[in-house]
Every structure is written in structure tokens, then in C-alpha cells.
Amino acid sequence: SGIARPSGFTKLVNESLGLHIAEHKVFKDHYEFSEGDLDRLGTQLTDDLPILVTEKDAVKLLKISHKLIERMWSVDTRLNLAGEEERLDEALLRITR
């Protein structure tokens, strides 16, 4: 993942989706992936498991023509606050005072 807090992505996949991450490759936030990055990743993979990426990274990766793209699945990392609007309003009021 190429996000600011990679541990959050791991937690989301493990706890919310109930999946086990076999290995997590971390890139800096806003990383611009290249074909060479995917070549290196391909040589490091020892199995045919799916490759999970954030939606933000998927948009960037889809611009690259590479055989690994067909193994990639994007994970929605958006925060869902449905039904929590009142608690959110209260929290925002506390920090803006």
C-alpha cells in the first residue's frame, strides 16, 4: 500500500474483511508506481494469491500495463459514519472549541 498509515490498511483487511495478509509491501504515501516496481514485486511473490491495494493505488496502477494487474483487488478504505452523525458532530464541537 502507498498510504500514510499502512497499519490501518492491514487492520481494515484483517478485522473488517477477515482476511490474513501474507505479506505487506509498503510504499510512501502518494507513491507513483512504475512498471519496474511491478516487475520487482512479481519476482518477490512466491504464490498466486490476490494482491490487495487501496482504491487510490488501484487508479494509479491501472495506468500501467502489467501481468500483475489482473491479480489486483482494490479495497474500499473510505470511512462510513452512517448513523453516527450525532457523535461526529459532538466530537467536532469538542475539538473546535
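The following legends describe close-up views of a predicted model.

**View 1. Overall fold of the chain, with its 4 helices and 2 strands.** Read from the N terminus, the elements follow the order α-α-β-α-β-α. Along the principal axes, the C-alpha atoms occupy a box of roughly 50 × 25 × 20 Å, and the radius of gyration of the chain is 17 Å, whereas a compact globule of 97 residues would have a value near 13 Å. Buried residues account for 26% of the 97 residues, and the accessible surface comes to about 7400 Å², with 53% of this area belonging to carbon and sulfur atoms. Of the contacts between residues at least 6 apart in sequence, 52% join residues at least 24 apart.

**View 2. The largest nonpolar core, built from 11 residues.** The members of this core are Phe33, Leu38, Leu41, Ile51, Val53, Ala58, Leu61, Ile64, Leu68, Ile69 and Met72. At least two core residues come from each of helix H2 (35-44), strand E1 (51-54) and helix H3 (55-61). Once neighbours within four places in sequence are set aside, Ile69 is in contact with Leu38, Leu61, Leu62 and Ile64.

View 3. A polar atom of the Arg71 side chain lies 3.1 Å from the backbone oxygen of Asp47. Apart from neighbours within four places in sequence, the residues in contact with Arg71 are Leu45, Asp47, Asp48, Leu49, Pro50 and Ile51.

**View 4. The salt bridge between Lys56 and Asp29, one of 5 in the structure.** The side chains of Lys56 and Asp29 meet at 2.9 Å, N to O. Because Lys56 lies in helix H3 and Asp29 in the loop between H1 and H2, the pair ties together parts that are 27 residues apart in sequence. Lys56 is partly exposed, at a relative accessible area of 33%, and Asp29 is likewise partly exposed, at 30% relative accessibility.

**View 5. The salt bridge between Arg40 and Asp37 within helix H2.** The N to O distance between the two side chains is 2.7 Å. Arg40 and Asp37 are 3 residues apart in helix H2, so about one helical turn separates them. Asp37 is buried, with a relative accessible area of 8%, whereas Arg40 is partly exposed, with a relative accessible area of 48%.

**View 6. The salt bridge between Lys25 and Glu23.** Here the side chains of Lys25 and Glu23 meet at 2.9 Å, N to O. Lys25 counts as partly exposed at 27% relative accessibility, while Glu23, at 51%, counts as exposed, the cut-off for exposed residues being over 50%.

**View 7. Ala4 in the segment before helix H1 (6-16).** Ala4 is exposed, with a relative accessible area of 54%. The C-alpha atom of Ala4 is separated by 9.1 Å from that of Phe27, a residue that stands 23 residues away along the chain.

How values were computed: Residues numbered from 1 in each chain as written. Predicted model: local features only at pLDDT ≥ 70, side-chain atom pairs only at ≥ 80, totals over all residues. Heavy atoms only, no water. Core = buried A, V, L, I, M, F, W, Y, C linked by side-chain atoms within 4.5 Å. Buried < 20%, exposed > 50% of the residue type's maximum accessible area, 1.4 Å probe, protein only. Contact = heavy atoms within 4.5 Å. Polar contact = N/O pair within 3.5 Å; in protein donor to acceptor, adjacent residues only side chain to side chain. Rg over C-alpha atoms; globule rule 2.2 N^0.38 Å. Areas by Shrake-Rupley, 256 points an atom, 1.4 Å probe, with all protein chains shown as cover. Salt bridge = Lys/Arg side-chain N within 4 Å of Asp/Glu carboxyl O.
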